[in-house]
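Hi,

Here is the structure I promised to pass on. Have a look at it first, and my notes on what turned up follow below.

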Amino acid sequence: MPHSATRWTLGAKLAMVGLPFVLLGLVTTALTLWVSWQLDGGAAAVNEAGRMRMQAYRLAWTSTLPDQPTLPARLIGEFERSLDLLQHGDPDRPLVTPWDNDVRDRHQAVLVSWAALRTLHGQAPGAAGRVALDRATGELVDRLDRLVQAIEVHLARYTNILHLLQVGLLVLGTLAAALLVVIGYHFVLEPVMGLQRAVLQLRSGDLAARVEPSTSDELG
């Protein structure tokens, strides 16, 4: 028996045209959501690092209050919980630190400064100790500022990526709409218009009017 050509239905043709755009749209949308989540997490990390600067200053101030001996220990615990949040993240907020070599180096510098500052807080206060404590606090805050700057570089990069993805979605939607109009005209409107012309010829008495099928779908 002769081999019959594959018959593509009209729905299958339209699906083959639209499916790639649908898949690309889903992938781009998923990437947009992921980048937005990274931006939210990075912004929360910046806020947490800013709170740690305030905690460092509060800890330096409360070390001069002899009538509240338990307050420094509580503030130390809060600071270390903030350090843990920056390192491991918090999906409930969400809080995610965007890691790279620069951010890791600056985070490690914060840990070193904090270890030195905590040691000073454990020592007996004195004039020399007060000066060393203030100097260590200033160094810790400065390194926290540098960590925030490194995270903000990531956030700026993610913002640019988000804008590119949004432009890509806009272009993709425009191309899909234009292509579907062209395909719809070629596969649906043009054959229907041919049938309409043939019907008008038949109504006018031209019984020799014919329509040559150009496709193998339902209209053909």
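Of the 220 residues in the protein chain, 32% count as buried (buried is under 20% relative accessible area, exposed is over 50%, and partly exposed is in between, using a 1.4 Å probe and protein chains only). Before you read on: this is a predicted model, where local features need pLDDT of at least 70 and side-chain atom pairs count only at pLDDT 80 or more, while totals for chains, interfaces and linings use all residues. Residues are numbered from 1 along each chain as its sequence is written, and side-chain values use heavy atoms, with hydrogens and water left out.

The chain has four helices and zero strands, so the order from the N terminus is α-α-α-α (helices are DSSP runs of H or I with at least four residues, strands are runs of E with at least two, and both are numbered from the N terminus).

Together with Val-22, Leu-23 and Leu-26, Leu-19 makes a nonpolar surface patch of about 370 Å² (patch residues have over 30% relative accessible area and no salt bridge, and nonpolar side chains are joined within 5 Å; a salt bridge is a Lys or Arg side-chain nitrogen within 4 Å of an Asp or Glu carboxyl oxygen; areas are Shrake-Rupley with a 1.4 Å probe).

Now the rings. There are two aromatic pairs (ring centres within 6.5 Å, taking the six-membered ring of Trp; planes under 30 degrees apart are stacked, over 60 edge-to-face, the rest tilted). Trp-34 and Tyr-158 are edge-to-face, at 6.0 Å centre to centre and 85 degrees between the planes. That pair links α1 (residues 10–62) to α4 (residues 127–203), across 124 residues of chain. Trp-34 is partly exposed at 45%, whereas Tyr-158 is buried at 14%.

Phe-79 and Trp-114 are stacked, because their centres are 4.2 Å apart and their planes at 25 degrees.

Cheers

Note on methods:
Patch = residues over 30% accessible without salt bridge, like charges linked within 9 Å, V, L, I, M, F, W, Y side chains within 5 Å.
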